[in-house]
Amino acid sequence: MLTINGKAAFGGIVIGKIKEFSKEKNVVRRTKITDVKEEYTRFENAREMAISQLSKLYEKAVKEVGEANAAIFEVHQMMLEDDDYLDSVKNMIETQMVNAEFAVATTGDNFASIFSEMDDEYMKERAADVKDISERVIRILSGVADSDELAGEEEAFIVVADDLAPSETIQLDRSKVLAFVTRKGSTNSHTAILARTMNIPALVCTPLENDVDGKIAVVDGNSGKIILDPEEDTVLLYEKLIKEEKERKELLLRLKGQKTVTKSGKEIKLYANIGGVKDVAAVLQNDAAGIGLFRSEFLYLQSEAYPTENEQFNAYKTVAEMMAGKKVIIRTLDIGADKQIDYFNLDKEENPALGYRAVRICLDRPEIFKTQLRALYRASAYGNIAIMVPMIASLWEVQKAKELIELVKEELKEEGIAYGKVEFGIMIETPAAVMIADELAKEVDFFSIGTNDLTQYTLAIDRQNAKLDLFYDAHHPAVLRMIQMVIDSAHRAGIWAGICGELGADTTLTETFVKMGIDELSVSPAMVLPVRDKVLGVE
Ligand code: PEP
Ligand code: MG
């Protein structure tokens, strides 16, 4: 048994098996072996495992994309039974006394180049397939998982990785993930935020060795530690804690259906943050009164190319319809900084957090912004949609965004396409926006304070840099005073102000925020009832 301390990014306790997630392509090394029979058995076992994974993938694909599209996984299984392929691997292990990984990689390369030189188009295409199956076998031989393989697994796992990018995290099948544990990463990163939205315990900065794949572990997201190979007593203790946690959650369920009001009768709009359509179920289960932050960029992060107007429209419409008239605040595209997307072809920047991101990209590339605005406005006919724009620093940015909105509305009108009434807000997440909040308030219907970035920019601390976690103090008086300034400016102009950054879910501050006059708090779905509990206790 070994206890390793990391940093808690999201609470909760789980017990399960570890699956190492490696994004690096395996570098296959040639090593000399001494036991040919043993090496061949290793290969045979890996081959069988690959066939079984492919058959599961086939079944999943038949359900999701139909038989014709799933057929490729059958072809892959057949390739792994091809005599020529198997003879080549076996021959290489025997005659050259090399490791199975090397024999498979070389055989894969050889077959791929034979296929790619054939005249027949169908055979040419098989080159990629033979490489694909070889890589699958190599990954199994070296005990490395990828997100695709997690999807084929029956059981849920504790995913361990050096680091996870937001795009990788969002693509993982959440029903297969018990917890995330990363060796690097910061508690303020978007990956940590995603873990919270997905309601999955998460640790970052956890100094794990590289040999943990397949081990049983306890992840304690409450105290920020992982226990490898736990002894029976420890498992029993944690099973008890899991049971108690479940009971606490059940106790909170009594708050479902209740209004979020203080003892003196002030009602707080208690909304939830989401990253996509999949999260709406959790919003409804946890009884949020609306969605206060839909991070629309995750639609882009999950895509291989710019999501079309229709694709976006369908996503926004689905969320609006599922929320059945409750408020859905969709934040316009906020990429850049840690959220990089290949097809945007963004330049590498010295200071990406201070760089080309969010509204800056939208105003510089209005064709992208207009596509999103059209989709948002079209979806507004199906529910109660509001729009908010991130990373505002200047008045003209708001005015320019509004001009583009007017243009889009004109276009839709001319095309005879219906749209609803859409509230327009901005995120307050730069100190500049705080300082001119009185001016900005005249232009918008609401403010939503992004405390994650506001803390980063106020304290001049990169929220991605784990070394600075000690200095990243969202309770810093400068941040709290700024929040007060924003609320006051909003109220003077007759508009509402909320918090959608992670600080909004910090129950040690709920009372403070209510006393400051906050109108709305938008938190990860799992935090809705704990925050409601706090608000109910405020005088
Ligand atoms: C924030 O900055 O507080 C915020 C809500 O936006 P994000 O975390 O997505 O940058
Ligand atoms: Mg932000």
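Modeller: Let's start with a term: a polar contact is a pair of N or O atoms within 3.5 Å; within protein, one must be able to donate a hydrogen and the other to accept it, and residues adjacent in sequence count only if both atoms are side-chain atoms. Glu-44 and Arg-47 show one, with their side chains joined at 3.2 Å.

Some ground rules: this is a predicted model, where local features need pLDDT of at least 70, side-chain atom pairs count only at pLDDT 80 or more, and totals for chains, interfaces and linings use all residues. Residues are numbered from 1 along each chain as its sequence is written, chains are lettered from A and ligands numbered from 1 in the order in which they are written, and side-chain values use heavy atoms, with hydrogens and water left out.

Now to ligand 1. It has 16 residues around it (a residue is near if one of its heavy atoms lies within 4 Å). Arg-295, Arg-331, Gly-450, Asn-452 and Arg-463 are the closest. Sorted by class, that shell holds 7 charged, 5 polar and 4 nonpolar residues (Asp, Glu, Lys and Arg count as charged; Ala, Val, Leu, Ile, Met, Phe, Trp, Tyr, Cys and Pro as nonpolar; the others, Gly among them, as polar).

Arg-331 puts a polar side-chain atom 2.8 Å from one, and a side-chain N or O atom of Glu-429 is 2.9 Å from one. Asp-453 uses its backbone instead, with an N or O atom 2.9 Å away from a ligand oxygen. On its own, ligand 1 would expose 290 Å², and the protein buries 100% of that (areas by the Shrake-Rupley method with a 1.4 Å probe). The space it takes is the largest cavity (on a 1 Å grid over the protein atoms alone, a set of points where a 1.4 Å probe fits but cannot get out).

Which elements build the shell? Helix 8 (190-197), strand 10 (290-295) and helix 18 (451-459) each supply at least two residues (helices are DSSP runs of H or I, at least four residues; strands are runs of E, at least two). Helix 18 gives the most, 3 residues.

Because 8 of its 8 residues are buried, helix 8 is largely enclosed by the rest of the structure (buried means under 20% relative accessible area, with a 1.4 Å probe and protein chains only). Among them are His-190, Arg-196 and Thr-197. Just past helix 8, Asn-199 takes a positive phi of about 60 degrees.

Notes:
1 Å grid on protein atoms, 1.4 Å probe; cavity = no way out; pocket = protein on both sides within 12 Å on 5 of 7 lines; lining within 4 Å. Sits in = over half its atoms within 2 Å of the grid points. Buried < 20%, exposed > 50% of the residue type's maximum accessible area, 1.4 Å probe, protein only.
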